[in-house]
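Subject: Structure for your files

Hello,

Here is the structure you will be working with. My notes on it come after the sequence and coordinates.

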Amino acid sequence: MDGATAAGGRSCCLPSGGMGKMEGANGAIYATLTNTGTQADALLSASSDAAQTVELHEVKNDGGVMKMRPVAKIDVPAGGKIEMKPGGYHVMLLGLKHDLKKGDKVPVTLKFERGGEVNAEATVR
Ligand SMILES: [Cu+2]
């Protein structure tokens, strides 16, 4: 895995400030998942000491309103890659235990169906 980055400190995966109560408590990690194998894999879950709860989320356009929702897994096709980005898939950090500043490193463990656990570090941008 490469290119893990995090945007912390606010409800960053919402397109606008619609959920003020979340501000300062949540963050999202945008990672690029690359599958160099010949069999499909899937990201099943993620965990991090930096937050109370970590979920896999996607953002869907629901009747013109962008909403994020948890997903059970994120499929990564054989030889393919998934680029998480604002407005798409992200690893949601709910209830950050510390304020995150730009440049801070957030450890995250990603658990894959085939690949097992992968430790990564996300840099707050
Ligand atoms: Cu989210």
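Predicted model: local features only at pLDDT ≥ 70, side-chain atom pairs only at ≥ 80, totals over all residues.

Residues are numbered from 1 along each chain as its sequence is written.

Confidence. pLDDT is the predictor's confidence in each residue, from 0 to 100. The chain averages 77, and 81% of the residues score at least 70. A contact here is a pair of residues whose C-beta atoms, placed from the backbone, lie within 7 Å.

Layout. The chain has 10 strands and zero helices. Both are DSSP runs numbered from the N terminus: helices are H or I with at least four residues, strands are E with at least two. Of the contacts between residues at least 6 apart in sequence, 67% join residues at least 24 apart.

Strands S9 and S10. Strand S9 (residues 105-112) pairs with strand S10 (residues 116-124) in the antiparallel sense over eight bridges; pairing requires that DSSP finds at least two bridges between the strands. A hairpin through three residues joins S9 to S10, and Phe-112 has Gly-116 in S10 as its bridge partner.

Buried residues make up 30% of the 125 in the chain. Buried means 20 or more other C-beta atoms within 10 Å of the residue's own, exposed means 12 or fewer, and partly exposed is in between, with C-beta atoms placed from the backbone. A nonpolar core is a set of buried Ala, Val, Leu, Ile, Met, Phe, Trp, Tyr and Cys residues joined through C-beta atoms within 7 Å. The largest one has 23 residues, of which Ile-29, Val-91, Leu-93 and Val-108 touch the most other members. S2 gives the largest share, five residues. Leaving aside residues up to four places away in sequence, Val-108 touches Ile-29, Ala-46, Ser-48, Val-91, Ala-120 and Ala-122.

Gly-37. This residue is in the loop between strand S2 (26-34) and strand S3 (41-47). Gly-37 counts as exposed because 12 other C-beta atoms lie within 10 Å. Its C-alpha atom is separated by 8.9 Å from that of Pro-77, 40 residues apart along the chain.

Regards

Methods:
Contact = placed C-beta atoms within 7 Å.
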